Every structure is written in structure tokens, then in C-alpha cells.
Amino acid sequence: ITPDLTFLALSLILFDGLARTKEKPGVLWTAGLALACLMRPNGIILAASLLLAVAWRSPRRALGLGMLGLSPWAAWLVRNRLVSGSLTDYTSHWRSAAVAFENPAQQFLHGVRLLTSLFGEGLLGLGDFPAPLPLAAAAVALFLAGRGALSLIRDKEEAWIMALAGYCVLT
């Protein structure tokens, strides 16, 4: 649990730093990006989302920050390959999870159950209601969240919001 809380705090600090610097973060922010990649496997998704936001305003800056921020992660992958023969231990987990993609109907039903559980039953507290109500409420909540993120991006043209929305969708 502790690494998850630390990663969450670091993620929020990185998003806040990106918002405060108007998508032009510095070296300290980049060090946080590198730390996120080393802390959790989905740190690379966080890094990609944040670097995309920087690239929205300044592609050259994003390239430099990306090279600087991702180099410790790349070095760690090389170290893993030399020591254990695998880039990351998660590859065996990913391979076993890929089997489920063979059945699209099963994936769809799993997605519906997950959506209902997280948003309908959990977020909105509709666990005691019949099945269609939590699912419908979850769909409405996700629609409104997506619409809100898109309107913020369109109206304010702040790329960090796009990065936050992308990260939330991908994880």
C-alpha cells in the first residue's frame, strides 16, 4: 500500500507542477518523472501522458525532458535484462493476461462489470439497487467526466488537463 500512496502523491505533484509551469517544467519535475517510472510499472504511462502535454506546447522541450526523465528507467530495464534475462517481471503477467483478449464478448462483459462496480456501486453508492441502475449511473458519470475534460481542454487550451484525462483512461 505504501508505494501506491507514494506514487499517487508523486503523480499529483507532477500534474500540479505541470499546471503551474504552463507546460514548461524544469529539471526537478523531470527527476520526479524518472522516479515515477522507477516506482511503478504504470509510471511509464504517467510519463507518456505528461510528456504529451509538454509536447502539445513545445515538442523540442518534450524530447529533451523525455530523454532526461526516461534515461534512469531505460538504464534499469537494461540492468534487468542483464541480470534476469527479462526487461521486467511484468512481461509474464502481461502474457498471461493477453489470453483473455481472445474472447471479445468476455472482455466486454468484464468491462461492463468493472464499470458498474467502480463507478455505479462504488463511486455513487448504488450497490443495493438492481443491476441496470448502477451501470446506467456509471455510464452517465463517465460521460460527464469525459465531457468536462474535453470542454476544459477546448476552452482553456491547457494541455495538462489532456494529460490527466489520458492517464486516467489508460490506467
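Predicted model: local features only at pLDDT ≥ 70, side-chain atom pairs only at ≥ 80, totals over all residues.
**View 1. Residue S49 in helix 3.** S49 belongs to helix 3, which covers residues 43–57. With a relative accessibility of 6%, S49 counts as buried, because the limit for a buried residue is under 20%. The side chain of S49 reaches the backbone oxygen of I45, at a distance of 2.9 Å.

**View 2. The packing of helix 2 and helix 4.** Helix 2 (residues 27–39) and helix 4 (residues 59–84) have axes that come within 8 Å and cross at roughly 30°. Helix 2 is therefore roughly parallel to helix 4, since angles under 35 degrees count as roughly parallel. Their crossing is right-handed. On the side of helix 2, the residues in contact are W29, T30, L33, A34, C37 and L38, and these meet L65, L68, G69, L70, P72, W73 and W76 in helix 4. Sorted by class, this contact between helix 2 and helix 4 has 11 nonpolar residues, two polar residues and no charged residues.

**View 3. The packing of helix 3 and helix 4.** The axes of helix 3 and helix 4 lie 7 Å apart, and the two helices pack at an angle of about 160°. Helix 3 is therefore roughly antiparallel to helix 4, since angles over 145 degrees count as roughly antiparallel. The crossing of helix 3 and helix 4 is right-handed. Helix 3 contributes I44, A47, L51, V54, A55 and R57 to the contact, while helix 4 contributes P59, R61, A62, L65, G66, L70 and W73. By class, the contact of these two helices has 10 nonpolar residues, one polar residue and two charged residues.

Definitions and conventions:
Residues numbered from 1 in each chain as written. Heavy atoms only, no water. Helix = DSSP H or I, 4+ residues; strand = E, 2+ residues; numbered from the N terminus. Buried < 20%, exposed > 50% of the residue type's maximum accessible area, 1.4 Å probe, protein only. Polar contact = N/O pair within 3.5 Å; in protein donor to acceptor, adjacent residues only side chain to side chain. Axes fitted to C-alpha atoms, helices over the stretch in contact; angles between N-to-C directions. Parallel < 35°, antiparallel > 145°, perpendicular 65-115°, else oblique. Left-handed = near helix turned anticlockwise from the far one by under 90°. Contact = heavy atoms within 4.5 Å. Nonpolar A, V, L, I, M, F, W, Y, C, P; charged D, E, K, R; others polar.
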